[in-house]
Structures are given as C-alpha cells and as structure tokens.
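Hi,

Here is the structure I promised to pass on to you. Have a look at it first, and then read my notes below.

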Amino acid sequence: MPNLLKANDLTVRFGGLTAVDSVELSVAPGQVVALIGPNGAGKTTCFDALTGFVQPDAGRVELEGRDVTGLPPFERTRLGMARTFQTERPFEDLSVLRNVLVPAFLRHPGRAEAEAVARSALHRVGLADRADQPASDLNLARRRRLELAKALALEPRILFLDEVMAGLNPPALAEMIKFLRDLSGEGMAIVLVEHILEAVMQLADHVVVLASGAVIAEGKPDAVTSDPAVIEAYLGTE
Ligand SMILES: Nc1ncnc2c1ncn2[C@@H]1O[C@H](COP(=O)(O)OP(=O)(O)OP(=O)(O)O)[C@@H](O)[C@H]1O
C-alpha cells in the first residue's frame, strides 16, 4: 500500500540540543504507528514537526507524496491531518457540541452541514447524549473523547494522538483501544505517542522507538519491546 505520510531525515534542534535526529517514518492508510521512548526522547517534538507546530531544521514531511514541510498546521489540516494535544484544552464554558462545531466549521462553513458533522463525530465517540452540557462537566475519559471528536470533525485521513490514554482507568482504556482499533479498521491512519505499553502492544502495527531524538529500534510491538537496546534505553533513563 502506498504511504500516506512520509518523513525523511526529520531533524529539530533547540539550540545545542538535537530533540529529533534524522527520523525516518512512514504511515500507510489504516496503519497504526506508535512512537515510544523514555521521557525527553523527542516524541512530542517529532509530532510537532510532523503536524507543522514546529518547523524542522532539516528533513521533509510528505502527505500523499506532496511536500508539506513548510505548511502551517491549518493548511496540513485542510489536507487531511488532525491532532490531539497532551493536555486537552476545551472551551470549558461552551457546550460539548459547540466545542466540536469549531473544527467542523473549518471544513463546512454552512451551519447545518457543520452541525451534522459535529453531531456525527460526537456520536462516533459516544458523547451524543452530552452534546448540550458544558465541556467543564465532563470527566477525564469524556474529555479525551471530546478531543477525539474535535479531531474527527476535521474529517482527517491521518490522526495524530498525543497520549490520549494517559490516566484512563482500565475500562475507559479498553474502550479507547477498541475505538481506535475500529477507526483504523475503517482505513484511518493513526500515529500515537503513548507511554502505556499495554495499549501500544494491542494497537500498533508498527512501533518506532526514540531515544535522545534518534530512532533506536522499530518493528512489530513484540519484537521491539523485547529488544535489549530498547530495554536499556528505558531502564537507563527512568
Ligand atoms: N521548546 C523547546 N525548547 C527547548 N527545548 C525543548 C523544547 N521542547 C522540547 N525540548 C527538549 O527537547 C527534548 C525532547 O522533548 P520532547 O517533549 O519532544 O520529548 P518527549 O519524548 O515527548 O517527552 P515526554 O515523554 O516527557 O513527553 C527534551 O530534552 C526537551 O527538554
């Protein structure tokens, strides 16, 4: 299957620190790729460079063969990329529906169409019955689902999820894993930054391990998590 997303030689420096060091990555439609690695390994910075929130110092990002390296996030969004953030930031006083309408309007300027897209995204994540509540009423698991609904309302072809499972209790975690599996089964490509290895093992088709900004291992979840270099990277720094 041809690649949907491809990154070549992606490099981000902060002063003397190379936070992302010549990373190569490709993602096919429907594929779940997990970026893992110890704290400070460069996962979020790599995400930021892929989605346009940080401009890389070197390298290239392609979406369906088109060079998007210089494009700002909103233009990448228009081309089919959507992301969630490590800390969810809903408009607390707005209703759950209105929170999802904001991204839906980016693609659909007409109210009726935007609302249909927003309601469908809420339905998808199991929040349809909360549409009229203020976002501030939602518990952590539902706030995470709201973040997903906001991303889905952008009608992406590739979703970037930054630690969407952190802090979830076991039933909420299992629900999220099932939901993401279903999405990928429908052809959605997903790139995850995730610390919960149990979720990575269950979800990822391909795991990329970063340490000090560089890829130190990649492959199937089982092979990667038993790789001595990976174990060493985790034990050596945490
Ligand atoms: N804006 C910035 N300015 C300077 N240094 C930064 C900046 N953002 C990140 N860094 C540094 O870059 C390195 C990679 O950070 P990053 O947050 O990408 O790692 P991470 O793997 O996502 O970590 P965590 O798992 O803790 O979220 C770290 O050393 C961090 O301190």
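Let's start with a term you'll need throughout: a residue is called buried if 20 or more other C-beta atoms lie within 10 Å of its own, exposed if 12 or fewer do, and partly exposed in between, with the C-beta atoms placed from the backbone. You'll find Ser212 in the loop between strand 9 and strand 10.

Two things to know before you go further. This is a predicted model, in which local features need pLDDT of at least 70 and side-chain atom pairs count only at pLDDT 80 or more, while totals for chains, interfaces and linings use all residues. Residues are numbered from 1 along each chain as its sequence is written.

**The whole chain**

The chain has nine helices and 10 strands. Both are DSSP runs numbered from the N terminus: helices are H or I with at least four residues, strands are E with at least two. Along its principal axes, the C-alpha trace spans about 50 × 40 × 35 Å. A compact globule of 238 residues would have a radius of gyration near 18 Å, and the chain agrees with that at 18 Å. (That radius is taken over C-alpha atoms, and the globule rule is 2.2 Å times the number of residues to the power 0.38.) Buried residues make up 40% of the 238.

In which order do the six strands of the open sheet come? The order is 6-7-8-3-9-10, and the pairing is mixed. Strand 6 (81-83) and strand 10 (214-219) each have a single partner strand, so one side of each is left without a neighbour in the sheet. Two strands pair if DSSP finds at least two bridges between them. From one strand to the next, the twist averages 20°; axes here are lines fitted to C-alpha atoms (for helices, over the stretch in contact), and angles run from 0 to 180 degrees between N-to-C directions.

Now zoom in on strand 7 (residues 158-162), which runs parallel to strand 6 and is joined to it by three bridges. Ala82 has Leu159 as its bridge partner, and Arg83 stands opposite Phe160. On to strand 8: five bridges join it to strand 7, again in parallel, and Leu161 is partnered there by Leu192.

Is strand 7 enclosed or open to the outside? Five of its five residues are buried, so strand 7 is largely enclosed by the rest of the structure. Both of its faces are covered, with Ile158, Phe160 and Asp162 on one side and Leu159 and Leu161 on the other.

Contact here means that the C-beta atoms of two residues, placed from the backbone, lie within 7 Å.

**The ligand**

Which residues surround the ligand? They are Phe14, Leu17, Ala19, Gly37, Asn39, Gly40, Ala41, Gly42, Lys43, Thr44 and Thr45. To count as near, a residue needs its C-beta atom, placed from the backbone, within 6 Å of the molecule. Helix 1 gives the largest share of this shell, three residues.

Another open sheet has four strands in the order 2-1-4-5, with antiparallel pairing. Its edge strands are strand 2 and strand 5 (66-67), each pairing on one side only. Strand 4 (residues 58-63) is joined to strand 5 by two bridges, and Leu63 has Arg66 as its bridge partner.

Leu63 also turns up as a contact of Leu79, which touches Val68 too, not counting residues up to four places away in sequence. Leu79 sits in the loop between helix 2 (73-78) and strand 6. With 14 other C-beta atoms within 10 Å, Leu79 is partly exposed.

Enjoy exploring!
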